[in-house]
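Thanks for sending this one over. Here are my notes, point by point.

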Amino acid sequence: ASVSESLGNIRPWLQKVTTQAKTTDSKYFTTTRKGEIFELKAELNSERKDKRKEAVKKVIASMTVGKDVSTLFPDVVNCMQADNLELKKLVYLYLMNYAKTQPDKAIMAVNTFVRDCEDPNPLIRALAVRTIGCIRVDEITAYLCDPLRKCLKDEDPYVRKTAAVCVAKLHDIDPLLVEEQGFLDALKELLADSNPMVVANAVAAITEISDSAQTDTAADMLCWSGQLINKLLTALNECTEWGQVFILDAVANYTPTENNEAQNMIERVSPRLAHANAAVVLSAVKVIMKLLEMLDPNSDFVLSTIKKLSAPLVTLLSSEPEIQYVALRNINLIVQKRPDILKQELKVFFVKYNDPIYVKLEKLDILIRLTSAANIANVLAELKEYATEVDVDFVRKAVRAIGRCAIKVESAAERCVSTLLDLIQTKVNYVVQEAIVVIKDIFRKYPNKYESVIGTLCENLDTLDEPEARASMIWIIGEYAERIDNADELLESFLEGFADEQTAVQLQLLTSVVKLFLKRPTDTQELVQQALSLATQEADNPDLRDRGYIYWRLLSTDPAAAKQVVLAEKPLISEETDLLEPNLLDELICHIGSLASVYHKPPAAFVDGRGGGQVAKATKGLPSRLAAEAGGAAAAAAGAGGGDFGAGTGAPGRPAVSVIPTQESLIGDLLDIDMSGGATAAAAMAAASASTNQQPVDLLGEGLDSLLGGPAPSATSPVPPSGASAAAGGSGADSLADIFGGLGGGVGGGLGGGGGFDPPMETWLPAQKGKGLQIEGRFLRRGPQLSMELRLRNNAMQQLNGFAVQFNKNSFGLAPAQPLAMNPLAPQQSVTTLLPLNTKGPVQKMDPLLTLQVAVKNNIDIFYFACLIPMYALFTEEGDMDKRVFLSTWKDIPPENETQFNLGSYAHDADTASTMLRSFNVFTIAKRSVESTDMLYQCVKLTNGILVLAELKIVPQTNAYTLSLKSRHVEIYPGVHEAYLAVLKG
Amino acid sequence: MIGGLFVYNHKGEVLISRVYRDDIGRNAVDAFRVNVIHARQQVRSPVTNIAHTSFFHIKRSNIWICAAAKKNVNAALVFQFLYKMVEVMGNYFGKINEDNIKNNFVLIYELLDEIMDYGYPQNTDTGILKTYITQQGIKSQTKEETTKITNQVTGQIAWRREGIKYRRNELFLDVIESVNLLMSPQGQVLSAHVSGRVQMKSFLSGMPECKFGINDKIVVDSKRQEPGATSGGGNLGGGGKAGHIAIDDCQFHQCVKLSKFDTEHAISFIPPDGEFELMRYRTTKDISLPFRVIPLVREIGRTKMEVKVVVKSNFKPSLLAQKVEVRIPTPLNTSGVQVICMKGKARYKASDNAIVWKIKRMGGMKEWQLSAEIDMLSATDKAKKWTRPPISMNFEVPFAPSGFKVRYLKVFESKLNYSDHDVIKWVRYIGKSGLYETRC
């Protein structure tokens, strides 16, 4: 009989069932009567089969809606022995839900399970083994092993494929049991099964087990050989769509050892791009994107593969909206990694009127990424259209996008600005505000070019009610104060409601008023005073107060300097905004199609720690081009010198993110632009995470403290005024002795502890950047010997050898005293080694001062990283000196070189502090107490001979420490300050 | 992988709840209801993360279907599975609505048990599922029968069973294309593409090998070994040059041997029995747009608007378009509309905020016009700004706007005694409107 005939038989029957069901099944959902459980119990024990079945149905319905029917457990289990398959399935479903709550009674079901696993009908065997794995009760698990072993070798593929998944279930309950019983090997054997579905399920189970593995044997399961991968790729052709996804996802974890292999894999995976299932397509894209990293980017093969990728990605956009969303999030990543793939396909990202909002927002994002001078006209016309839509978020994003276009494509900036002006004319509140925010960005990219629009902006002043828009407007007024006649009035009107503004607006307002004052000092004095007093006296926010104080001091000490600082030329914002950090991007590329790629976050960020071996495991990274091949690239990177740390693993040709933050950008950040203008924030963030692991030294922050301390009319006048005057008075040694009176042997008491403290290791080179080589390190000083302690770990699959290390020129001439002694490093091995240093190397002043750029070479590549030398590592043993020498040196250094720092408060008294500092070669020359305030006079000599004199003031009641430094070389102050903080904090 | 599947009605009451993994608890069911179904604002994403659990949802009429997962699952796979699950349920009991789900909940649980194991999708082919999930229970199946079933469920050719016989071997091919267009008011094509599918209905005996030929440029070129062949050829409704079209991308049914397509550009397969979608394709070049809409909107003061719309048909005069419908959106504060049209019927539908103009039949190379006067209530400032949605069109034409042509479909069945010539074949082309919009 043909199928259509047999279907014909089923159809009327199905209709019958449905109509019959209409009168019966849905009623189970409505019963909420009292005594229901009791009635059910009676029915479950009824003599009549059909009645029992009805009762079980009712139980399941109650379970679905969340009622607790666990008390019926024994009665339901009694129905299990029935030979009716439908009833059996229902009982099993009940068991899976409640077995855990009634473990002692669940054991009653074991016999039936074991018997069912032997049933002649494979469907029943499979059902039993499927269910038993879901019952997480220890007593039952123990009985599971034997039937499972049999089922793994069952003659029927349907049973085997079910058993394969059951191994993963069991592993989740008891991983050790799975290993002991040899199920892992049995599972591996299934990979060679003749049936494609068995293979696919075995692959899925193995992937899951090795992802959450706690032991090495399980983790090693995924270390597949090329041969096996080859077999799996063959099985790909015969699997169901889902099986194909399992296999592709597993293959994506494999990194081939040779280029030919990678190329061959790509060739075999690419037919999948034509599959109707989007998951198959995306997983294939993932495998290909990963393998492409290994190949020569300019080869014909790579170029033609890239071409092949674009059409399938575009096709995904004609699927259902949810898949479109997943695809768009992934395309967003792919476009950042390889912009070429979709650059011709701009139009498919045009927003359709009926697209759901989440699709619209994502499309807009990609549209901007693909914008270039060639297509800007089309894009701009679209964006203008979008800016008149209904959804507020979407409209805002569209307006912002217009601004981004202007910043990205200079030739179109003018058109963008006029478009924005048109939009402002619509007077739609949020459009106006958003437009003002982006116009501010445009001003920052093209200063002094479009100020003619300021008039129009000012007309809309009253309608701005969002902080970001207000702050932007205030920034514009301050920046162009000289061209806005009534700038003072405008700012004054803002100042009236100062207290009610958000911090961002307050900060901006303060800065803008100061700018205005510096530009038009004559008629705005009152205004600036009002603003400063509001910021310093009325405000609770420390940032605001601090900024108020800097300005105050700056203006009162040196208006010219103030002008230089506040009106300094600002760095232009870069054109590419909100790019993902390159390492994260690489990791996400390895997760294409998965949730991580949808959230744009690494899995660890949203997956619970529980049972997630994945979290502990090294994050996924793209493979790099193989050593032999990559020689040229490595040489190129080496040629680029120490500056370019980011480009080591990235695709050549991608502009490297500037890694070490420049002083200007920090100043710019602090003084000027608080709004997340995008560019600076993103760049700064990337820089912070990509460069040294220490926080970049906040130069201005330090200066700030000194500004505060310096001219303040407080009692702490610069150090020994009395001493100085006394010395000048001529009474010489006596008065000196007087001044330093009471300094005793106590000072030296703490000498000789000697060990110092060892700072924790820092990661200098993460494994993703080091192609598997991870370097942690720290600086140590043992007596006179300065050394660098390195811990190298090999996370790669192969042995690493041929290590060598070299330093770039640095501020203190640090250089390795001997070559790096390193034996070859086996995979997963880690070794700690001590590299003695001297200071005879070439000297070049670095910025930040203490930066040390290091190159480490091995058989794979040359890697560059930068670290910060802690200043105390440079303090030498020769710092001690005579009191008199100290005093004369102090006098010799000009007073303007003196700087004061607040160190905060610590529990130690003066002596302990002195001892602690001594162990770091900070020598206390003298100690003195004035009105119960302890003063320590200390000296430090750096490796290059620079002397730093210090006065450490300790107020016992509050334990507040104040440090005054004096040296001929003020640049080293921040470092010394850091060192003091580090020592005192222990 | 997927931790649990939940089905809710529009109120957020649970209709089906199937937990596959231990890491998804009962509270997950409530978390989704509270945070998504009962959330005040519109859904902003089909994926929601609540307390380290990710929820994927789709909606069918007012039923929410949701998958929950704790791990970093394959998101594309989850959504594809949800669609498939809806399709399977639809094949079993028709429309997805609350009544049908409640009435069939036992069946649904049985299906969910079969199509997914421990969060991993298994065989989801309805044709196969129907052979053993029947709600009748498997009573008297012989060993051979069950083996046949299990082999089919897991087998290589999971989509066809052995031993099918027909007295008359017959097959039907429908080429169904939907034309998508976005046009600017000035008549510039902003984006246009055709997404087409080839729907096949086969009634063939045995295990027939089929070979399918189309006029795709690459396929044709690779066949002739000489790129840019210049042979002419019948041209249906306009379309590609020299009878070949450039297909941007195509996707095939499970049964098509993809590796063979990749290497030889040959589409060969053993078809499932009955109806299925053989391939899907997409083209963007040389599309012959069947219609053009020329809008003219004039606002006269704050309370009056004039709309003039011209529709031009752009295909052979001998062909007839059917079910032509033009939707002209009107402002929300419309109080009255006067419409005049030359052909067809036009009505203002207040509930849709649109003038709907229906034309039953329209020949090629015609040009018809509608004009309307719209009166509006005087707009208060509070009334939302009206943003002129695009004018959309629906239609059906008897040709493939992409120029797609079936060149051959050959059937080989070596074991049975019928040949390609004995098979009766039918081919039909239908062009439909997808999103066919003109901004105004």
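1. A salt bridge here is a side-chain nitrogen of Lys or Arg within 4 Å of a carboxyl oxygen of Asp or Glu. One such pair joins the side chains of A:Glu385 and B:Arg439, at 3.9 Å from N to O. Between chain A and chain B the count is 13 salt bridges.

2. A word on conventions: this is a predicted model, where local features need pLDDT of at least 70, side-chain atom pairs count only at pLDDT 80 or more, and totals for chains, interfaces and linings use all residues. Side-chain values use heavy atoms, without hydrogens and water, residues are numbered from 1 along each chain as its sequence is written, and chains are lettered from A in the order in which they are written.

3. Chain A brings 117 residues to the contact and chain B brings 98, with contact meaning heavy atoms within 4.5 Å. The two chains bury about 9,600 Å² between them, 55% of it on carbon and sulfur atoms; buried area is the accessible area (1.4 Å probe) that two parts lose on being put together, summed over both.

4. Which helix gives the most to the side of chain A that touches chain B? Helix H1 (residues 3–24) of chain A does, with 10 residues; helices are DSSP runs of H or I, at least four residues, numbered from the N terminus. That side of chain A divides into 62 nonpolar, 25 polar and 30 charged residues, where Ala, Val, Leu, Ile, Met, Phe, Trp, Tyr, Cys and Pro count as nonpolar, Asp, Glu, Lys and Arg as charged, and the others, Gly among them, as polar.

Technical notes:
Helix = DSSP H or I, 4+ residues; strand = E, 2+ residues; numbered from the N terminus.
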